[in-house]
Amino acid sequence: MKKVFLSALIIPLLFLSTVTITEASTKVMWGKTELVKGQIGKVTVLNTTQVYQNNNDGIFKQSTRSLRKGDEFRIYSYKGQDGGYYGLGGGLFVKRTTVVKYETPSKAKLKLLEDNSLSSSSKDSEKYPDGWVAPVLKSSWSSNHATNLATLQNELGFKDGGRSYGIPSYPQGMIHVVGANSTSKEEVALKFYGWEDTSVLPESYRVPIVAKELFNLYFGGDADRVWNYFNKNDIPESFTANGRKVTSTYSPADGAITLHVGRK
């Protein structure tokens, strides 16, 4: 299956450490790293080793990055070719060799993660150190596009009538919502100009948090899966979520990744 990669965006993105939106008090620590949803294991680096890049051509190429002895990294996928590669996210991999130790989480850790996920879903808005209060979706999806736009504006902080979500360091909008005409098989297009890189855009940590609520509106119970596609920087070119056919495209003209969301 073809993939669309967020690394193509014009805003540089950091994916070796992917985003988690759980509160500090509910983190499930596993050694030096936090266990997060979508993670299948972790590697401990026993000696300095090379990082590989795998773009959508399926070929593994050495990158300029390396992992240092003693570091631990989350693993999100596994590729069996050429002896095996562990997926670090963002199209980055480490080769399966004797200089990395791979482990899977215990059942107890996974149960704790699931319990924390269920409890955090019922929490109110969280306030961050810079004073920003994370929005929480209260309303359900409506077949009326204008109603959904009002929900995005009133509950998630979108501007321009619910069509754009920006941050102070990128006010022109990190997320855009574009409605289709009533005769189209597509209901809405969700256009992303970036994910998270706080070294470039300090408030960009907000984008994955708001995106999670946006995906809840349109994808319901499949929101976590769609969010993980973005967070792992590994977006299928087409998939189904919440009874909708979804395709993803990349536009070189403006550097945006767009999800074209079909009608239910």
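Colleague: How many bridges join S9 to S10, and do the strands run parallel or antiparallel?

Modeller: Four bridges join S9 to S10, and the two run antiparallel. Strands here are DSSP runs of E with at least two residues, and helices are runs of H or I with at least four, both numbered from the N terminus. Two strands pair if DSSP finds at least two bridges between them.

Colleague: Before I go on, what am I looking at?

Modeller: This is a predicted model, where local features need pLDDT of at least 70 and side-chain atom pairs count only at pLDDT 80 or more, while totals for chains, interfaces and linings use all residues. Residues are numbered from 1 along each chain as its sequence is written, and side-chain values use heavy atoms, with hydrogens and water left out.

Colleague: Good. Which residue stands opposite tyrosine 86 in S10?

Modeller: Valine 94 does.

Colleague: Is S9 mostly covered or mostly open?

Modeller: Mostly covered. S9 spans residues 85-89, and five of its five residues are buried. Buried means under 20% relative accessible area, exposed means over 50%, and partly exposed is in between, using a 1.4 Å probe and protein chains only.

Colleague: And what does S9 do with S8?

Modeller: S8 and S9 pair in the antiparallel sense over three bridges. Lysine 79 stands opposite tyrosine 85 in S9. The hairpin has five residues between the strands, and aspartate 82 there takes a positive phi near 55 degrees.

Colleague: How many bridges does S5 make with S6?

Modeller: Five, in the antiparallel sense; S5 covers residues 49-54. Glutamine 50 stands opposite serine 66 in S6. Glutamine 53 stands opposite lysine 61. In S10, glutamine 53 has leucine 92 as its bridge partner. S5 and S10 (residues 92-95) pair over three bridges.

Colleague: Lysine 61 then. Which residues does it touch?

Modeller: Val51, Tyr52 and Gln53, leaving out residues up to four places away in sequence. Contact means heavy atoms within 4.5 Å. Lysine 61 and valine 51 are 10 residues apart in sequence and 8.6 Å apart in space, C-alpha to C-alpha. Lysine 61 lies in S6 (residues 60-67).

Colleague: Why is lysine 61 called partly exposed?

Modeller: Because its relative accessible area is 47%.

Colleague: Switching to glutamate 72. Is it buried or exposed?

Modeller: Glutamate 72 is buried, at a relative accessible area of 17%. It is in strand S7 (residues 72-75).

Colleague: Which side chain does glutamate 72 join in a polar contact?

Modeller: That of lysine 42, at 3.1 Å. A polar contact is a pair of N or O atoms within 3.5 Å; within protein, one must be able to donate a hydrogen and the other to accept it, and residues adjacent in sequence count only if both atoms are side-chain atoms. The backbone nitrogen of lysine 32 also lies 3.0 Å from a polar atom of the glutamate 72 side chain. Residues touching glutamate 72 include Trp30, Gly31 and Thr44.

Colleague: Now the helices. Why is H4 described as largely enclosed?

Modeller: Because seven of the nine residues of H4 (residues 223-231) are buried. Among them are Trp227, Tyr229 and Phe230. The cover includes strand S14 (186-192), helix H3 (206-219) and strand S18 (256-262). Asparagine 233 follows H4 and has a positive phi near 55 degrees.

Colleague: At what angle do H3 and H4 pack?

Modeller: About 140 degrees, with their axes 8 Å apart. That makes H3 oblique to H4. Axes are lines fitted to C-alpha atoms, for helices over the stretch in contact, and angles run from 0 to 180 degrees between N-to-C directions. Under 35 degrees counts as roughly parallel, over 145 as roughly antiparallel, 65 to 115 as roughly perpendicular, and the rest as oblique.

Colleague: And how are H2 and H3 set against each other?

Modeller: Roughly antiparallel. H2 (residues 145-156) and H3 pack at about 150 degrees, with axes 12 Å apart. The residues that meet include His145 and Leu152 in H2, and Val210 and Leu217 in H3.
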